[in-house]
Amino acid sequence: MLIALIARDKPGHLQTRLNNRDAHLAYINDTGAVAQAGPLLDQDGNMAGSLVILDVEDMAAGEAWAANDPYNKAGLFEAVELITWKKVIG
């Protein structure tokens with residue numbers, strides 16, 4: 001099952017993102033659940049959120065992945081949405 005995780009950072013938390021980036025990227029690598037990922041950018045080109053496409057067994061697995069993401073554990077996100085996604089192009 002593909003799930004789009006869309007997360008928006010809390011305003012003024014760029015340093016929290018930067019401080020936890022290495023742990024977040026290691027988590028992505030270690031779990032093997034991420035098909036695609038990248039940061040959302042604000043108007044100035046700064047990282048301001050995340051878009052992660054998870055390839056997991058079910059929504060519960062996606063929720064567990066999101067809960068254990070170092071960014072989430074650091075309190076970076078203002079909002080997180082998990083949506084079942086269907087790949088059509090690419």
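Leaving aside its neighbours within four places in sequence, Gly49 touches Ala7, Arg8, Asp9, Arg17, Pro39 and Leu40; contact here means heavy atoms within 4.5 Å. This is a predicted model, in which local features need pLDDT of at least 70, side-chain atom pairs count only at pLDDT 80 or more, and totals for chains, interfaces and linings use all residues. Residues are numbered from 1 along each chain as its sequence is written, and side-chain values use heavy atoms, with hydrogens and water left out.

Gly49 sits in strand β3. Helices (H or I, at least four residues) and strands (E, at least two) are DSSP runs, numbered from the N terminus. Is Gly49 buried or exposed? Gly49 is buried, and its relative accessible area is 0%. Buried means under 20% relative accessible area, exposed over 50%, and partly exposed in between, with a 1.4 Å probe and protein chains only.

## The sheet

Four strands make an open sheet. Their order is β2-β3-β1-β4, and the pairing is antiparallel. Two strands pair if DSSP finds at least two bridges between them. Which strands are at the edges? They are β2 and β4, each of which pairs on one side only. On average, neighbouring strands of this sheet are turned by 15° against each other, direction ignored. Axes are lines fitted to C-alpha atoms, for helices over the stretch in contact, and angles run from 0 to 180 degrees between N-to-C directions.

Now the pairs, one by one. β2 and β3 run antiparallel and are joined by seven bridges. Leu40 has Gly49 in β3 as its bridge partner. The two strands β2 and β3 form a hairpin, with five residues between them. In the turn, Gly45 has a positive phi of about 85°. β1 pairs with β3 over seven bridges, in the antiparallel sense. There, Leu5 stands opposite Val52 in β3. β1 also pairs with β4 in the antiparallel sense, over seven bridges. Ile6 faces Glu81 in β4.

## Val80 in strand β4

Val80 belongs to strand β4. Val80 has a relative accessible area of 41%, so this residue is partly exposed. Which residues does Val80 contact, leaving aside its neighbours within four places in sequence? They are Leu5, Ile6 and Ala7.

Val80 and Gly49 are 31 residues apart along the chain. Their C-alpha atoms are separated by 9.4 Å.

## Helices across the sheet

Both helices α1 and α2 meet the strands. α1 lies across β1, β2, β3 and β4, and runs at about 15° to β3. α2 lies across β1, β2, β3 and β4, and runs at about 160° to β4.

How do the two helices pack? α1 and α2 pack at an angle of about 150°, and their axes are 11 Å apart. They are therefore roughly antiparallel to each other. Angles under 35 degrees count as roughly parallel, over 145 as roughly antiparallel, 65 to 115 as roughly perpendicular and the rest as oblique. The crossing of α1 and α2 is right-handed. A crossing is left-handed if the near helix is turned anticlockwise from the far one by less than a right angle, and right-handed if clockwise. On α1, the contact is made by Tyr27, Ile28 and Thr31. On α2, Ala64, Trp65 and Asn68 make the contact.

## Buried residues of the helices

Which residues of helix α2 (residues 59-68) are buried? They are Gly62, Trp65 and Ala66. These residues cover an arc of only 95° around the axis, which puts them on the same side of α2. The arc is that of the directions from the helix axis to the C-beta atoms. What covers the buried residues of α2 includes strands β1 (2-9), β2 (34-41), β3 (47-55) and β4 (77-84). Helices α1 (14-31) and α3 (70-73) are also among the elements that cover them.

His24 lies in helix α1. His24 counts as buried, at 5% relative accessibility. Leaving aside its neighbours within four places in sequence, His24 is in contact with Asp69, Pro70 and Tyr71.
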